[in-house]
Amino acid sequence: MIGILWLVLPLLAAAGFWAGRSRARALSGADADGHRIVLHSLPTHYAQYALAWSAIPPLLILVVSALFGSILVDGWVIAQLEASGLLRETLSSADVLRDVHTGLANTTGENSSPPHTFAQNVLDRARGVLNLGVTGFFFVGAGGGLWFARSRMTTALRARNHVERIVHVALFLCSVVAVLTTIGIVVSLFFEAARFFALVSPAEFFLGTQWSPQTALRADQVGSSGAFGAVPIFAGTLLITAIAMAISGPIGLMAAIHLAFYASASARAWMKPVLELIAGIPTVVWGSFAALTLGPQVRMIGEALGLEVASESALAAGLAMGVMIIPFVSSLSDDALNAVPRSLREASLAMGATESETIRKVMVPAALPGIVGAFLLAVSRAIGETMIVVMAAGLAANMTANPFAAVTTVTVQILTLLVGDQEFDSAKTLAAFALGLTLFFVTLCLNLVALVVVRRFREEYE
Amino acid sequence: MSSPTPDAPLAADGRLRRRYRQERVFRAFALAAIGFALSALAGLLVSISYQSLSVITQSSVELDVVLDPDALDPLGDGSAASLAAANYAKPVRSALRALFPEVRKRRERKALVRLLSDGAEYDLRALVEASPELIGSTQTFVFPLSDDVDLFLKGSIDSEVDEADRKISDRQIGWVETLDAQGRISQPWNWRFLFAGDSREPELAGLQGAIRGSMLTLLITFLLSFPIGVCAAVYLEEFAPKNRFTDVVEVNINNLAAVPSIIFGLLGLAVFLNIFGMPRSAPLVGGVVLALMTLPTIIIAGRAALSAVPPSIREAALGVGASPTQAVFHHVLPQAVPGILTGTIIGMARSLGETAPLLMIGMVAFIADLPTGVDDPSTVLPVQIFLWNDAPERAFVARTSGAIVVLLGFLIAMNAAAVWVRRRFEMRS
């Protein structure tokens with residue numbers, strides 16, 4: 001219903017544009033005495049002015065209803081349910097609402113109690129009222145806006161200035177969206193994490209070594225509280241990141257050196273984009289490769305060496321991730337090496353140093369801040385990588401440095417704690433937000449440090 | 001008094017040789033590093049293409065089906081209601097059993113029927129409903145075989161392995177070989193893989209639902225992130241005053257580009273699903289989350305494209321009396337469009353491959369129906385890959401690789417479009 005209004009919106013805008021232009025054309029021309037009437041702006045500006053006034057009010061109404069409509073409806077249904085006296089002790093209004101929303105409240109079977117039917121009826125009615133109201137306001141807003149614009153349209157109206165001001169405000173609001181996203185991330189993570197830390201102390205979370213978030217169904221069961229010591233998860237994340245960096249660090253740096261110093265221009269022209277393809281392949285593809293191809297290979301090789309290998313080993317995930325982040329290291333290191341002034345290299349070569357001596361003793365040290373920045377960004381990328389570890393690493397929270405063992409990571413835990421769960425009041429689901437907050441801050445710090453290091457380094461040679 | 005001993009130049013020679021050897025070793029290492037990275041990429045592509053080969057065709061069997069009016073038209077009037085109530089499994093099974101009249105035991109008859117895919121009866125139903133006048137005649141149709149028979153026929157199941165360790169029994173292999181000898185088994189193109197929805201049965205599972213879900217999600221992402229991203233880039237590059245706030249926005253956008261994607265999933269879950277009560281598993285919410293993720297990419301690309309426009313164009317426009325807004329929208333922005341489009345296509349390609357945030361907002365459910373709107377529950381291509389990757393049936397391995405090939409195909413097409421846009425622009429200027 002409201003979906004159709006989104007399609008009507010462009011029509012309204014077009015109507016406003018047309019109305020504004022015809023009005024402007026009617027205003028211009030000659031007056032009764034034969035004097036030419038000069039408008040302040042072009043007819044197009046009047047048209048744009050009318051378009052803005054006829055399209056922005058209904059657009060705002062649609063956005064507001066899309067964001068807050070279901071909150072209003074749900075609030076109303078819950079209030080009616082509470083007032084109806086139909087609820088039992090074991091059936092809260094939130095439960096009923098969830099059943100109704102997910103379509104579980106069918107007409108027969110166990111979810112067809114009187115409160116369900118009642119809630120379904122109230123919900124249908126409330127939605128009907130909401131749709132009617134939104135549609136009404138939508139057209140009233142559009143009509144009112146157009147009427148207002150038309151009534152203000154005289155030869156003296158500075159239409160272009162008005163339109164430009166509206167455009168500037170719209171542009172500004174668009175650039176605020178990115179800030180709002182960050183605020184949204186920080187606030188939502190903080191809010192949910194605070195609820196988690198009210199249940200589990202931060203000391204236990206950051207220092208505890210026992211992780212078993214599966215809580216029992218009944219409060220009186222043994223082990224009902226779960227254990228939320230996240231150290232094994234951090235250790236697993238570090239292990240996989242270390243494996244990934246052990247591969248991507250040296251290989252990425254050497255690849256960058258080859259591209260920057262040894263490769264011919266034509267080789268560089270095809271090698272660089274092909275290398276960057278690696279980063280363009282979706283991580284779910286690397287994850288599938290790690291799980292279906294690398295995992296069994298690693299296991300076979302490990303067992304041939306007489307080692308005990310878990311079927312989901314840290315090594316397989318770390319290998320795939322290491323390959324995936326090679327381009328991050330190599331392209332940023334390549335940039336850093338190329339930013340070092342030619343004179344340094346030429347001076348070293350002129351003194352009789354070989355190319356490799358020049359690279360090792362002059363170029364790499366000179367480019368070191370940029371290379372460190374590249375490594376930091378790669379680490380941040382590896383820590384936040386999800387799909388490869390979800391598909392190839394395990395769920396067991398082991399504290400080990402053995403790459404053949406199964407470990408788990410922060411991202412895997414966030415995903416497994418939240419996927420498929422719809423309730424957000426248990427410590428188990430809230431733990432995911434605490435992990436998310438930790439992840440966000442660690443990656444944020446790495447990124448900030450890397451950005452500062454790289455910027456300083458650039459300034460040094462400019 | 002010391003004079004150079006005769007062997008001093010020799011020592012220098014040895015040092016030089018050593019230094020040159022080190023140079024060669026270092027050079028070889030650098031080349032090997034790049035070789036490793038490129039061969040890992042090649043290994044990935046080759047192994048996935050190879051694994052996906054078997055999904056191109058689907059083993060099928062040709063059966064002469066007696067379209068028995070008693071089973072297919074229970075009400076006897078040929079109406080739609082009658083056809084809907086019909087038993088389509090029976091004629092297919094009878095047709096297969098008719099080829100092996102010697103199979104009498106109940107268990108063996110069941111094993112025989114299991115050669116066929118569960119999809120056979122749905123195929124028959126579609127055929128009969130399309131042309132009800134065939135009821136009463138005997139027709140030759142081609143039906144898909146089950147995933148295990150398919151694997152056996154494509155050589156993925158070794159008949160030398162102990163019978164208990166494989167999914168297809170010796171008797172079944174015998175029947176399949178008899179059918180093959182009769183020339184009834186064929187390998188037609190597996191169109192179902194591209195045009196059917198998801199299924200629990202590997203031989204019936206298709207990508208259409210995921211492709212449509214991806215398209216709908218990407219549409220929402222584009223509709224939100226493109227206008228907002230371009231407007232933000234125009235504001236920051238052309239109009240923003242140099243002050244604290246602009247600095248904050250700039251640092252913020254750079255950081256947002258590096259935030260792990262799963263964090264955006266948490267945002268979508270906590271804000272769009274829990275606070276705003278938007279529908280779970282819907283392309284609408286997926287598209288909004290991906291739009292927020294893609295926004296920094298588009299803004300950064302847009303600003304780069306805008307700043308690359310020569311200042312002379314802006315100054316010329318201002319010089320002949322355009323307002324600053326007119327100068328930007330009439331002269332600077334059109335010049336920057338190719339750069340912005342290239343950045344946008346690359347951002348879209350990245351969000352097409354994104355999985356983790358969509359898992360968080362519930363796009364992991366098994367959904368067999370094709371989505372028709374942006375608030376229908378659906379899944380997307382990368383999530384489909386994730387789901388099939390975890391499925392226990394062996395035949396899903398090939399499907400996973402096939403889905404990856406399709407996803408990579410879309411990505412290649414999008415990147416080719418980006419390159420094409422850039423080339424066109426370069427030719428013009």
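Select chain A, which holds 15 helices and four strands; helices (H or I, at least four residues) and strands (E, at least two) are DSSP runs, numbered from the N terminus. The radius of gyration of chain A is 31 Å, well over the 23 Å that the globule rule gives for 462 residues, so chain A is more spread out than a compact globule. That radius is taken over C-alpha atoms, and the globule rule is 2.2 Å times the number of residues to the power 0.38. The model is predicted: local features need pLDDT of at least 70, side-chain atom pairs count only at pLDDT 80 or more, and totals for chains, interfaces and linings use all residues. Residues are numbered from 1 along each chain as its sequence is written, while chains are lettered from A and ligands numbered from 1 in the order in which they are written.

**Chain A as a whole**

Keep chain A selected and show the C-alpha trace, which spans about 95 × 75 × 40 Å along its principal axes. Of the 462 residues in chain A, 42% are buried. A residue is buried if 20 or more other C-beta atoms lie within 10 Å of its own, exposed if 12 or fewer, and partly exposed in between, with C-beta atoms placed from the backbone. Among the contacts in chain A with a separation of 6 or more, 74% are between residues 24 or more positions apart. Two residues are in contact if their C-beta atoms, placed from the backbone, lie within 7 Å.

Next, colour chain A by domain: domain 1 covers 2–157 and domain 2 covers 227–460. Domain bounds come from an automatic or database domain assignment. The centres of the two domains of chain A, taken over C-alpha atoms, are separated by 48 Å.

Select Ala94(A), in helix 3 (residues 93–101) of chain A. Ala94(A) is partly exposed, with 13 other C-beta atoms within 10 Å.

Now go to Ser330(A), which is found in helix 10 (residues 314–339) of chain A. Is Ser330(A) buried or exposed? Ser330(A) is buried, because 32 other C-beta atoms lie within 10 Å. Leaving aside neighbours within four places in sequence, the contacts of Ser330(A) are Gly252(A), Ala255(A), Ala256(A) and Leu275(A).

**Where chain A meets chain B**

Show both chains. How many residues of chain A are in contact with chain B? There are 70 residues of chain A in contact with 68 residues of chain B. On the side of chain A that touches chain B, helix 5 (residues 159–199) of chain A gives the most, with 19 residues. The residues on that side of chain A comprise 44 nonpolar, 21 polar and five charged. Here Ala, Val, Leu, Ile, Met, Phe, Trp, Tyr, Cys and Pro count as nonpolar, Asp, Glu, Lys and Arg as charged, and the others, Gly among them, as polar.

**Chain B**

Select chain B, with 18 helices and three strands. The radius of gyration of chain B is 31 Å, whereas a compact globule of 429 residues would have one near 22 Å. The C-alpha trace of chain B spans about 105 × 80 × 45 Å along its principal axes, and 43% of the 429 residues in chain B are buried.

Colour domain 1 (55–190) and domain 2 (208–428) of chain B. Their C-alpha centres lie 46 Å apart. Four residues of domain 1 of chain B are in contact with six residues of domain 2 of chain B. The side of domain 1 of chain B that touches domain 2 of chain B has two nonpolar, no polar and two charged residues.

Select helix 4 (residues 89–99) and helix 5 (residues 106–113) of chain B, whose axes come within 10 Å and cross at roughly 110°. Axes are lines fitted to C-alpha atoms, for helices over the stretch in contact, and angles run from 0 to 180 degrees between N-to-C directions. Helix 4 and helix 5 of chain B are therefore roughly perpendicular to each other, a label for angles of 65 to 115 degrees; those under 35 count as roughly parallel, over 145 as roughly antiparallel and the rest as oblique. Show side chains for Arg93(B), Leu96(B) and Arg97(B) of helix 4 and Arg109(B), Leu112(B) and Val113(B) of helix 5, which make the contact.

Last, select Ser281(B), in the loop between helix 12 (261–275) and helix 13 (283–307) of chain B. Phi of Ser281(B) is near 60°, a positive value in a residue other than glycine. Ser281(B) is buried, with 23 other C-beta atoms within 10 Å.
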